[in-house]
Number of protein chains: 4
Amino acid sequence: MIVVMTPESTEAQLNHVVQLVTEMGLTTHIIRGTDRTVVAAVGDKRNTDKTAIENCGGVEKIVPILAPFKVASKEVKQEKTIVELTPGGATVGGKELAIIGGPCAVESRQQIIDVAHAIKASGAVGLRGGAFKPRTSPYSFQGLAEKGLEYLAEAGQATGLAVFTEVLTMEHCKMVGNYADVLQIGARNMQNFMLLNAAGQQSKPVLLKRGMSATMEEFLLAAEYIINAGNPNVILCERGVRTFEQYCRNSLNLSIIPAIQRVSHLPIIADPSHGTGHAYMVEPASKAAIAAGADGLIIEVHPDPERACSDAGQQLTPAAFDELMQKVKRVANAVDRQLEAGHKQAEPAPN
Amino acid sequence: MIVVMTPESTEAQLNHVVQLVTEMGLTTHIIRGTDRTVVAAVGDKRNTDKTAIENCGGVEKIVPILAPFKVASKEVKQEKTIVELTPGGATVGGKELAIIGGPCAVESRQQIIDVAHAIKASGAVGLRGGAFKPRTSPYSFQGLAEKGLEYLAEAGQATGLAVFTEVLTMEHCKMVGNYADVLQIGARNMQNFMLLNAAGQQSKPVLLKRGMSATMEEFLLAAEYIINAGNPNVILCERGVRTFEQYCRNSLNLSIIPAIQRVSHLPIIADPSHGTGHAYMVEPASKAAIAAGADGLIIEVHPDPERACSDAGQQLTPAAFDELMQKVKRVANAVDRQLEAGHKQAEPAPN
Amino acid sequence: MIVVMTPESTEAQLNHVVQLVTEMGLTTHIIRGTDRTVVAAVGDKRNTDKTAIENCGGVEKIVPILAPFKVASKEVKQEKTIVELTPGGATVGGKELAIIGGPCAVESRQQIIDVAHAIKASGAVGLRGGAFKPRTSPYSFQGLAEKGLEYLAEAGQATGLAVFTEVLTMEHCKMVGNYADVLQIGARNMQNFMLLNAAGQQSKPVLLKRGMSATMEEFLLAAEYIINAGNPNVILCERGVRTFEQYCRNSLNLSIIPAIQRVSHLPIIADPSHGTGHAYMVEPASKAAIAAGADGLIIEVHPDPERACSDAGQQLTPAAFDELMQKVKRVANAVDRQLEAGHKQAEPAPN
Amino acid sequence: MIVVMTPESTEAQLNHVVQLVTEMGLTTHIIRGTDRTVVAAVGDKRNTDKTAIENCGGVEKIVPILAPFKVASKEVKQEKTIVELTPGGATVGGKELAIIGGPCAVESRQQIIDVAHAIKASGAVGLRGGAFKPRTSPYSFQGLAEKGLEYLAEAGQATGLAVFTEVLTMEHCKMVGNYADVLQIGARNMQNFMLLNAAGQQSKPVLLKRGMSATMEEFLLAAEYIINAGNPNVILCERGVRTFEQYCRNSLNLSIIPAIQRVSHLPIIADPSHGTGHAYMVEPASKAAIAAGADGLIIEVHPDPERACSDAGQQLTPAAFDELMQKVKRVANAVDRQLEAGHKQAEPAPN
């Protein structure tokens, strides 16, 4: 941390800052520049709130130097994390891309089983589907709850696809583990710290979506909650952030992929369905995400999008998904990645 | 809802749209303009996902006409909602402004009792303090939990201040009700729909903070979850949204106050502490919020901000809070509001 | 500037950074912390591009310490700048608030003269009106050009109001000076550096509006272009920034007022008309801006808003403006400011 | 346009709206729904300001139906526009991608000639370089002016590369045409309507960059200014928008590529250098842009980025650019595009 003093600050004020910083357990270096005096505070004290120094007289601003995240960073673990979706099954983070498909919400047994067979045939390794739906409006379809989980599990077993489903509460974290292979934490819950802890205390991998206006630091700190609670198998997911743009529901920000890969060992996939909000944009966004280095995609597929119960405007038909897979495969090859389903010996992806 | 067809759409496509809209239980009017044909769909079907129509061939876009919120709107209830913080005690939403103060986190018994007496003397009607802290970083202070609630309750009883504290889980909603007068739902949980439901199923008033990038519609829909679950006593709170601005932690958007007052009957207060993130901005932001029509303020006050455990940079000393109260009182009078503690017969605020 | 090295950086990389920084004419201090080595570079070299250091091997990031603006800052001039709108006339930046009113565009001689008399009677000191309209759409009304300037000048003379009008090109800077008292540079031209230079090379005061997504630093740097070109009489104007909010056209960010007042000596006013985009929000936004410490307001007033040629939805009638002035006056008094027209001996405003 | 009346609006208010809409030359259809009455206004009157209706009593909101842009839209011209950078030379908008490289600023004759030869050898078809630099800070390097243009022209002739350079004023539009093949209008000038007009009145193609917070509609309306002034050869360029993200200077929003291709016939390229602001992100962003359907790239290349005069942190070395070109070529092939320099008979790109 660097404390920048104002030009008119006094020696007494400087001394007071040095004292407070020392109280925090940090050592100080004073540098007197042409226009400013700064106090460089050395040491790693993530648990003290350093904004306190802002309240001292004569302080212009505080500039942090260390990133606030740690166990998610490459400093702690250089090699990339490869997450097995099922024991010995497909992986995320290796050379092979993991493509997950499925409807926004599980609507019926037939619906989810049909979609599962269709996407499996197109090359997907995971099946998504919401049983508990966190809907913006209380008037919208809220999901089939545990019945939906049963259908999902059946569809997963019938096809061998790894089952992804969203958890909304600490209780879900236990219950869902009986049916699903991967627990998903949605964008709206990225900073639901109780939920992050609960997801960290169970053993299934966790797919963590970026919050609608979360910075990269907040995203990685959310992942740290899960890792610190005991679960190292975190898959990050970029799903678009909120900007002023109105032609898309969210703005997929692909530059977070190289940014994450520079500082973290965690794999990251993209959600082009929520990341755009419109079916016609899903294919270009999918190809772009893979070209930018994503480790996989999670895409909404519905047998009859015109009659889907939720997020209908962004769902692909199984036929459109199949066509997309052919195109994504070509882009994957052009960046030295493959699309086939996971094997045990995945090599780390190039980043 | 208006469905806008593309210029090159066919009659068959138009008929298909009319059929789908009719299936949804809506009646249709077709208007053939100079450049576009549009289908106006009449009726109130909030529970169907109309974005489904986007997937139909020949559709350019869907334009909603009805706001998605209902019980929070003035259409359902014209007169302004006045919330009693304690039975027969101070109110929010009437002519009198409710000022709530207190530290970000309860750190010790002495701290919270000292602050309570200080802010009471300055004219506050509520005491805030976090017992469970949802911190961005897992390395930050996480709160005193139930012990903190006990201290809060004691401070409330000693001073007569209404106690506000944040709930993070459904369990908290029950437990906290034994200690606090008002349950607070933080910005990060504004779309934690399970929590909203739980808060709606208990009887204490709820202070609902706007999410960091929530639209006004999403904000009011979150309030509707609480109201629909049985609790009409919702106080909205603007606490700043995330923008590109870097000189403030969040951008307090005061225009949401007249916007909410135009469409909703719910009271709305402002949080100038989180809404700016810097102590030096709290006074101007407080005065501005009252001038814009806010029904109250929630302000962070700490006996020793330089040593505060959380959000230290935005906490006021009790002396600074007292000075602020004098200034806010003058602005309140200039907009025909008062600052004195609540009485039973509050008149609705002018909006 | 602080250069933060990566944990795995080598001594050779550190030496290379030190050499490059030294080449820039800065002196270096190396601080070896527990997790990072940083190079503190001391000296004031605003004309070198320090992002170059980012390209060096082993560099994690560059952290600037000095603000990039200088002559607009309080370090160079402590006392607040008070700008005279006309020689010996009303001022901006003193204890008295300057309220400027008028239509978005000059539409006819009668229109502008009628509005001028009306707002003068309500207590305004300035008259605004666009002769050259920078319209987003080429199909929109583009203004009366020099004819409009003539009408403005006539209305100014008839009422004694200072005339404000927008300049779009370097040529306008000369021409407009013959008719107007204050040159306005619009949000879309805040970084039109040729125009800023031209405005700095003439002698009339300049009203500089913040760009739609400009940071405070960019805003003050734009002011520095004008000051450095020879014109110290710059009035800043907050007119809202672009965010995801959709219930207002722009989001007026009032926290920029205390932020500017903390670092700069320049006066700052607010534009609640463009800053909200809707007539019903103008009054609360005006009162809030004054409460937050603005030195004045610029408000759109039109004799017949229903038939206005541009930005019709945000224009007030003269009667609504008169009512607003009564309310603003009360808020002004509550923050120790006054609304009466300018006298010669203005005292600096409290900030 | 749809005018939505409030639930409590009267028949007199409805009649007044109908009268005003009729005055505008539009015909009206009244639809009485369950919750709202709406007035659908039919006709194409882009030159009247319809927000005026907002001021009428009983009006809740105005909903536009027609997009405000016209000549840039596919309704007016179905086939994609292919722009020749030089007569009979390389094109933008056809099956072949146009890659443009070069330094942010022309710094010396040798620098620009060296870069030109290097990028030509790597497969670029255009050379960029700024002679007049619009710098945020008045203390930054401002460019070599006409001398820089001479060097650019020489480098273009020596290599056969099409020369791109930025214009800042109406005068530049004339002068630059003597040296350059394509006039560039920067993000900060996207709504400098006088400049757009001037660029439209000369015959060289125009590269128009999206403003830092411009919507797609504003972007296309800016293009319409140029087209309406007589110049149909407009190349759009996405260069990132401003969001809250701090790990990148701007957020490249690739979803604008399919969005533009859906509604407009104009070609669109991407600027991954300004669109990210960091050299390490340029390669993934370049590959992503091509995968998303961009018609080309404009990339900053500098022989010695560590000593570049402007935007140093985002410049590639010629060697890094060469490596990038090899990778981009593979992605281009995977989406059925090619990288070779332009021929006369380009086929339209698939969109």
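Let me begin with helix 2 of chain B, residues 109–122: it has 14 residues and reaches 20 Å from its first C-alpha to its last, close to the 20 Å expected at 1.5 Å a residue. Please keep in mind throughout that this is a predicted model.

Which residues of this helix are buried? In helix 2 of chain B they are Gln111(B), Ile112(B), Val115(B), Ala116(B), Ala118(B), Ile119(B) and Ser122(B). After helix 2 of chain B comes Gly123(B), with a positive phi near 110 degrees.

I turn now to chain A as a whole. Its secondary structure comes to nine helices and 14 strands. The C-alpha trace of chain A spans about 75 × 45 × 40 Å along its principal axes. Chain A has 351 residues, of which 62% count as buried. If we take the contacts in chain A between residues at least 6 apart in sequence, 68% of them join residues at least 24 apart.

How is chain A divided into domains, and where do their bounds fall? Domain 1 of chain A covers 2–63, and domain 2 covers 83–334. The centres of these two domains of chain A, taken over C-alpha atoms, are separated by 44 Å.

Within chain A, let me look at the pairing of strand 1. Strand 1, residues 2–5, pairs with strand 4, residues 59–63, of chain A in the antiparallel sense, over four bridges. Here Val3(A) has Ile62(A) in strand 4 of chain A as its bridge partner. Strand 1 of chain A also pairs with strand 3, residues 37–42, of chain A, again in the antiparallel sense, over three bridges. In that pairing, Ile2(A) stands opposite Ala40(A) of strand 3 of chain A. As a general point, in a regular strand the side chains alternate between the two faces of the sheet.

Next, the contacts between chains. Between chain A and chain B, 45 residues of chain A are in contact with 45 residues of chain B. On the chain A side, helix 5 (193–200) and helix 6 (216–228) each supply at least two residues. Helix 6 of chain A gives the most to that side, with five residues. By residue type, the side of chain A that touches chain B divides into 19 nonpolar, 15 polar and eleven charged.

For the other pair, 44 residues of chain D are in contact with 44 residues of chain C. Which elements of chain D give two or more residues to the side that touches chain C? They are helix 5 (193–200) and helix 6 (216–228) of chain D. Helix 6 of chain D provides the largest share of that side, five residues. The residues of the side of chain D that touches chain C divide into 19 nonpolar, 15 polar and ten charged.

Note on methods: Residues are numbered from 1 along each chain as its sequence is written. Chains are lettered from A and ligands numbered from 1 in the order in which they are written. This is a predicted model: local features need pLDDT of at least 70, side-chain atom pairs count only at pLDDT 80 or more; totals for chains, interfaces and linings use all residues. Two residues are in contact if their C-beta atoms, placed from the backbone, lie within 7 Å. Ala, Val, Leu, Ile, Met, Phe, Trp, Tyr, Cys and Pro count as nonpolar, Asp, Glu, Lys and Arg as charged, and the others, Gly among them, as polar. A residue is buried if 20 or more other C-beta atoms lie within 10 Å of its own, exposed if 12 or fewer, and partly exposed in between; C-beta atoms are placed from the backbone. The expected span of a helix is 1.5 Å times one less than its number of residues. Domain bounds come from an automatic or database domain assignment. Two strands pair if DSSP finds at least two bridges between them.
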